[in-house]
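Here's a quick briefing to read alongside the sequence and the 3D view. Keep both open and look up each spot as you go.

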Amino acid sequence: MSNNFKPRIPKYQNLADDIKAAIRVGTYAPGERLPSLRQAAITHAVSLSTVQEAYRCLEDAQLIETRPKAGHFVTRRPEHLLQEEVSAPPAYAMPAAITELIDLVMSSVQTPDLVSFGSGYGDQTPVTPGKIERAMTKALQQSVGVLSRFPAVCGHDGLRKTIARRSLSMGCVLDPNEIVLTTGATEAISLCLCALLKPGDTVALESPTSFGFLQILEALKLRAMEIPTHPRYGLSVDALSLAMRDSKVNAVLVTPTLSNPMGTNMPIGERKRLVELITQKKIPLIEDVIYNDLSPQAALRRAIKSFDKEGWVLTCSSYSKTIAPGLRIGWLHAGRFGEQIIALKTAFSGGNCTINEITLMNLLAESSYSRHLRRLHKMNRQVLQEARKTIERSFPQGTRVTNPDGGSTLWLELPSKMDSQILFKACLDSRILIVPGTLFSASRSYLNCIRLSIPRNFEKSHIKALQRIGELASSLLKESGS
């Protein structure tokens, strides 16, 4: 289905984008005071409330800070934490072979008394268990007789309509009848890859990328082409274009909003360029929008799919990051490839648990979901700020760390002599779980990097654990003579 829907960008968002650009080019320097609300309103010919909302967006993005009775100031980047750099992966495709290392990390989760920074999910379910139980009780009352018959392959009609309505916030007008419900986002992405490719084909993706993506590629015997990626602005469309010119690329797999592990956000203009490129080359693109609701900025929630006019974009997601991972419900919209997807879904797994689907529909239909997201944004922002402060104080000189506009993960680049796999083992001996950077690359790059998933129940034990990681990293570097 074509997407001609163009969401109107609010005035406050345009103003926030202008100020953000001014900060980026140095018009406003770190620590400099911004114009007062009244001054900004006069300068930009907008209302005071528009300026207030724009400044709030910039605060959410950690670009400015409010000082009581002093005004708004550009946030100072801690001098100890260096600027991020664009990744430089190998310029050729290779098999993904990381399952053994993933198994080692994931099996460590069972270690007793573990302080974990390893899971992509927080220690707390995003929605309270009581609320989920009430929604499931209501679903049971609405589901009399459903367990006595096979569920529909594409899923419950009510949930598909609810997802289509929520997709409007991503700029997408999706036909509910073309949405397929799956067992989590992993099945959604796997179905897309199975429908599009054969063993030995090449998938272009961000570098570093989700180790879950690499695990799927390994299982399907597909090759990974890693594309240079900026820690704030995501996959390089220019580098992807060169890769398509010089090598055979059969599909693209990207997470444009808050990609895992770096938390990158691809600029809207680059998302449009990406669609133009894959449409011109007639190469399908699988878009993972699982983190879009975790972005506090409405503009960055816009999906690549919203620019797709010819059906080359397949969009996949789930609500595991914002509601509950245990419901195991994902979804996809396959564009021009819908028939192949439905055939595979029918053959592989058939329909899902209808009761879980109705439970999710009830949770999404409640007007409180938007308020829940705002609370989630605030919690994530607070714990990331606290974690970055601790890293600044505790980690070795030369450490680089991302500063994502949303989500709850941090990507750290330690000094070049650091071996993150040795650090992983040393942390595990101290009952701390981190994820070594080599898991996020088919080429086993990023040996001196780690990913930290910061839990929403961030407390003293987590601060002490971060301090301990810094101590261990410093000690290992000293031993290596760095």
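Let's begin with a salt bridge, meaning a side-chain nitrogen of Lys or Arg within 4 Å of a carboxyl oxygen of Asp or Glu. Lys198 makes one with Asp201, and their closest N and O atoms are 3.3 Å apart. This is a predicted model, so local features need pLDDT of at least 70 and side-chain atom pairs count only at pLDDT 80 or more, while totals for chains, interfaces and linings use all residues. Residues are numbered from 1 along each chain as its sequence is written, and side-chain values use heavy atoms, with hydrogens and water left out.

**Salt bridges**

- Is each partner in that pair buried or exposed (buried is under 20% relative accessible area, exposed over 50%, partly exposed in between, with a 1.4 Å probe and protein chains only)? Lys198 counts as exposed at 53% relative accessibility, whereas Asp201 counts as buried at 10%.
- Glu65 pairs up with Arg67, with 3.2 Å between the closest N and O atoms. Glu65 is partly exposed at 30% relative accessibility, and Arg67 is partly exposed with 30% too.
- Lys345 and Glu187 also meet in a salt bridge, at 3.2 Å from N to O. Lys345 sits in helix 11 (residues 338–348) and Glu187 in helix 7 (residues 184–196), so this pair ties together parts that are 158 residues apart in sequence. Lys345 and Glu187 are both buried.
- The structure holds 12 salt bridges.

**A buried charge without a partner**

- Find Glu357 in helix 12 (residues 354–365); helices are DSSP runs of H or I with at least four residues, strands are runs of E with at least two, and both are numbered from the N terminus.
- Glu357 is buried but has no salt bridge, and the nearest side chain of opposite charge, Lys345, is 7.0 Å away.
- Which residues does Glu357 touch, leaving aside its neighbours within four places in sequence? Its contacts (heavy atoms within 4.5 Å) are with Gly155, His156, Leu159, Leu181, Ile329 and Asn352.

- Most residues other than glycine have a negative phi, and most peptide bonds are trans.
- Ala45 has a positive phi of about 55° even though it isn't a glycine. Look for Ala45 in the loop between helix 2 (37–44) and helix 3 (48–60), where it counts as exposed at 67% relative accessibility.
- Tyr446 isn't a glycine, yet has a positive phi of about 65°. Tyr446 lies in the loop between strand 16 (435–436) and strand 17 (449–453), and counts as buried at 14% relative accessibility.
- The peptide bond from Ser207 to Pro208 is cis, with omega near 0°. Pro208 is in the loop between strand 6 (202–207) and helix 8 (211–219).
- Asn260 and Pro261 are joined by a cis peptide bond too, with omega about 20°. Pro261 belongs to the loop between strand 9 (251–254) and helix 10 (268–281).

**The whole protein**

- The protein has 15 helices and 17 strands.
- The C-alpha atoms fill a box of roughly 60 × 60 × 50 Å, taken along the principal axes.
- Of the 482 residues, 56% count as buried.
- Among contacts with a separation of 6 or more, 76% come from residues 24 or more positions apart.

Notes
Lys and Arg count as positive and Asp and Glu as negative; His and the chain ends are not counted.
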